[in-house]
Amino acid sequence: MRAALQAGPPCDYVAAMDWQCDKLDRRLSVAPMMDRTDRHCRSFLRAISARVLLYTEMITTGAILHGYQKRILGYDEAEHPLALQLGGADPDALATCARLAAEHGYDEINLNVGCPSQRVQAARFGACLMAEPATVAACVAGMIEASDLPVTVKSRIGIDQRDRYEDLLAFVDRIADAGCRTFIVHARKAWLTGLDPEENRNIPPLRHDLVHRLKKDRADLEIIINGGIINLDEATEHLDRVDGVMIGRAGYSDPYMLAEADRRIFGAREAAPSRAEIIARFMPYIAARLDEGVYLSHITRHMLGLYSGIPGARAWRRHLSENACRPGAGLAVVEDAAGLAEAGARHLQAA
Ligand SMILES: Cc1cc2nc3c(=O)[nH]c(=O)nc-3n(C[C@H](O)[C@H](O)[C@H](O)COP(=O)(O)O)c2cc1C
């Protein structure tokens with residue numbers, strides 16, 4: 001869909017489609033995930049795909065404004081393209097964070113309007129903001145004013161009883177009026193009471209049809225679909241109806257599925273790297289972090305799914321889990337785990 005749109009007139013003449021002027025290619029992204037998509041995880045994913053858009057975990061404005069910014073906002077240059085996801089509801093604080101994001105070189109700023117956790121609700125941001133479109137609009141306007149970066153919003157399709165398609169449309173229109181051109185929509189509503197965040201990612205039914213409809217009704221906006229998409233076949237099907245696909249849990253538990261993304265989704269010519277090639281590519285990153293005193297297990301915990309679904313998976317996971325946390329654990333642990341996994345894979349192929 002996007003390729004077809006890009007064949008149209010230059011951006012200057014198509015104000016209504018100005019998201020196309022923002023150079024980021026959002027056809028495939030990996031979702032922001034707390035306690036998962038930290039910088040080690042993102043660097044590992046980047047060793048698998050050069051093109052997929054990566055998101056940080058949600059970082060609250062409070063953490064940025066009162067914390068050690070160099071550590072909180074720091075990342076490895078190789079992680080680009082990289083979006084910073086912010087959590088907050090104060091337009092001034094978000095504007096300051098947007099400015100800092102630009103100074104740190106992020107490629108996009110995303111506002112979290114989808115997290116239903118009790119802690120986040122208590123601070124009055126996340127999914128509960130779907131009931132306050134004027135606040136979100138003020139936040140977005142402030143962030144746009146404060147930086148040149150694209151500002152995007154990640155929401156649900158609705159919350160609680162506010163779950164009619166018309167409510168979603170009105171929410172999107174209000175935020176679009178404030179200047180946001182890109183919406184990432186998790187195709188499930190969230191219940192703000194009664195379900196915990198994990199249940200809220202599984203129990204409310206998936207309504208991909210509503211996100212497809214949103215794209216149909218608001219063709220001038222960039223609409224990214226998220227929720228329950230588990231492989232590139234499904235992603236490719238969605239790309240006929242929306243502008244981009246965001247994959248969360250499946251991309252984390254089976255990251256090798258992203259190895260084909262550059263070729264299949266982004267049109268790159270290179271063949272997908274093998275798992276062994278990915279590990280080899282990632283070794284310099286691990287070595288550099290070990291030199292800085294990072295524990296090996298803090299990095300390898302994100303790599304456990306690399307052999308997911310193939311012979312050798314168990315040996316890989318087990319060797320890493322048992323050995324990466326030992327004092328002084330180094331690169332040899334990863335090399336040995338890879339050797340065991342590859343041997344397991346060969347053994348079963350030969351059998
Ligand atoms: C462990 C975990 C942490 C998450 N943290 C965030 C977060 O920080 N910000 C956010 O917008 N969504 C967060 N999510 C939701 C995901 O971004 C995504 O919307 C959700 O998992 C649905 O996509 P999926 O079915 O492809 O996993 C998290 C999900 C998981 C599983």
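Me: Where is Asp35 found?

Reply: Asp35 sits in the loop between strand 1 (28-30) and helix 2. Helices (H or I, at least four residues) and strands (E, at least two) are DSSP runs, numbered from the N terminus. Residue numbers start from 1 along each chain as its sequence is written. This is a predicted model, in which local features need pLDDT of at least 70 and side-chain atom pairs count only at pLDDT 80 or more, while totals for chains, interfaces and linings use all residues.

Me: What makes Asp35 worth a remark?

Reply: Its phi is positive, about 65°, although Asp35 is not a glycine. Most residues other than glycine have a negative phi, and most peptide bonds are trans. The peptide bond from His80 to Pro81 is cis, with omega near -5°. Pro81 lies in the loop between helix 4 (69-73) and strand 3.

Me: How do you know that strand 6 and strand 7 pair?

Reply: Two strands pair if DSSP finds at least two bridges between them. Strand 6 (residues 182-190) and strand 7 (residues 222-226) have 5 bridges, in the parallel sense. They therefore count as a pair. Ile184 has Ile224 in strand 7 as its bridge partner.

Me: What closed arrangement do the strands form, and in what order?

Reply: A closed barrel of 8 strands, running 1-2-3-4-5-6-7-8 with parallel pairing. The twist from one strand to the next averages 30°. Axes are lines fitted to C-alpha atoms, for helices over the stretch in contact, and angles run from 0 to 180 degrees between N-to-C directions. Over the protein chain there are 17 helices and 8 strands.

Me: Why does the chain's radius of gyration agree with a compact globule?

Reply: The radius is taken over C-alpha atoms, and the globule rule is 2.2 Å times the number of residues to the power 0.38. With 351 residues the rule gives a value near 20 Å, and the protein chain has 20 Å, so the two agree.

Me: How do you know that domain 1 and domain 2 touch?

Reply: Two residues are in contact if their C-beta atoms, placed from the backbone, lie within 7 Å. On that count, 11 residues of domain 1 are in contact with 13 residues of domain 2. Helix 2 gives the most to the domain 1 side, with 6 residues. By class that side has 7 nonpolar, 3 polar and 1 charged residues. The bounds, domain 1 (2-264) and domain 2 (275-350), come from an automatic or database domain assignment.

Terms used:
Ala, Val, Leu, Ile, Met, Phe, Trp, Tyr, Cys and Pro count as nonpolar, Asp, Glu, Lys and Arg as charged, and the others, Gly among them, as polar.
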